[in-house]
Amino acid sequence: MFVVPSAVAPAVHSATAGPLTPRHRADALVRLRDALGWDERRYVAAERSVLQAMAVRGEATAAQLAVDVPDLRGQIVVSPGKPYESRQRASTPVLGVLASEGRIRRGRPVGSWTSAQFRWTSARPLPEVPVAEAKTELARRYVAAF
């Protein structure tokens, strides 16, 4: 996670997350299809329900959103058969894509700053900056600072 001034956020997003967003969405769809039988329509409906729940709640943890959107409770096995096999809820890829697209943002942690459980909040999309322009801006700022 990075913290940047709000004026720099559009360039950071365009240079980093922006180009990867279509891949994040495609990967999430494949994972949810393979693990839970979701199709694109169900995925989009879950996203829509998450955004509606956010509009009502203002902010919410993934667990709170799973109460409002039951589809988010589905379990995905990550790295099956490996010694580090684990499970995660369907909320992880759904919220990750929404964040990558700039439609939600991770807010304050639940508990202390060391907590791994975060609240999510709705977000206004950042202005779009062409990728080359964004990378140039970040490089210019880096050289100026260092």
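**Close-up 1. Leu-36 in helix 2 of the predicted model.** Leu-36 is partly exposed, with a relative accessible area of 25%. This value counts as partly exposed because a buried residue would have under 20% and an exposed residue over 50%. Leu-36 belongs to helix 2, which covers residues 17-36. In sequence, Leu-36 and Val-110 are 74 residues apart. In space, the distance from C-alpha to C-alpha for Leu-36 and Val-110 is 28 Å.

**Close-up 2. The second largest pocket and its lining.** The volume of the second largest pocket is about 220 Å³, and 13 residues form its lining. Nearest the centre of this pocket lie Ala-62, Ala-116, Gln-117, Phe-118 and Trp-120. At least two lining residues come from each of helix 4 (62-68), helix 5 (91-100) and strand 5 (118-122). Which helix gives the most to this lining? Helix 5 does, with four residues.

**Close-up 3. A nonpolar patch on the surface.** The patch is formed by Tyr-142, Val-143 and Phe-146, which together have about 430 Å² of accessible area. One of these residues, Tyr-142, is situated in helix 6, which spans residues 131-145. Is Tyr-142 buried or exposed? With a relative accessible area of 53%, Tyr-142 is exposed, because the term applies to values over 50%.

Methods:
Residues are numbered from 1 along each chain as its sequence is written. This is a predicted model: local features need pLDDT of at least 70, side-chain atom pairs count only at pLDDT 80 or more; totals for chains, interfaces and linings use all residues. Side-chain values use heavy atoms; hydrogens and water are left out. Patches are made of residues with over 30% relative accessible area and no salt bridge: like charges are joined within 9 Å, nonpolar side chains (Val, Leu, Ile, Met, Phe, Trp, Tyr) within 5 Å. Accessible areas come from the Shrake-Rupley method with a 1.4 Å probe; for residues, only the protein chains shown count as cover. A salt bridge is a side-chain nitrogen of Lys or Arg within 4 Å of a carboxyl oxygen of Asp or Glu. Buried means under 20% relative accessible area, exposed over 50%, partly exposed in between (1.4 Å probe, protein chains only). On a 1 Å grid over the protein atoms alone, a cavity is a set of points where a 1.4 Å probe fits but cannot get out, and a pocket is an open set with protein on both sides within 12 Å along at least five of seven lines; lining residues have an atom within 4 Å of a point. Grid points are joined across faces, edges and corners, and a volume is the space filled by probe spheres set on the points.
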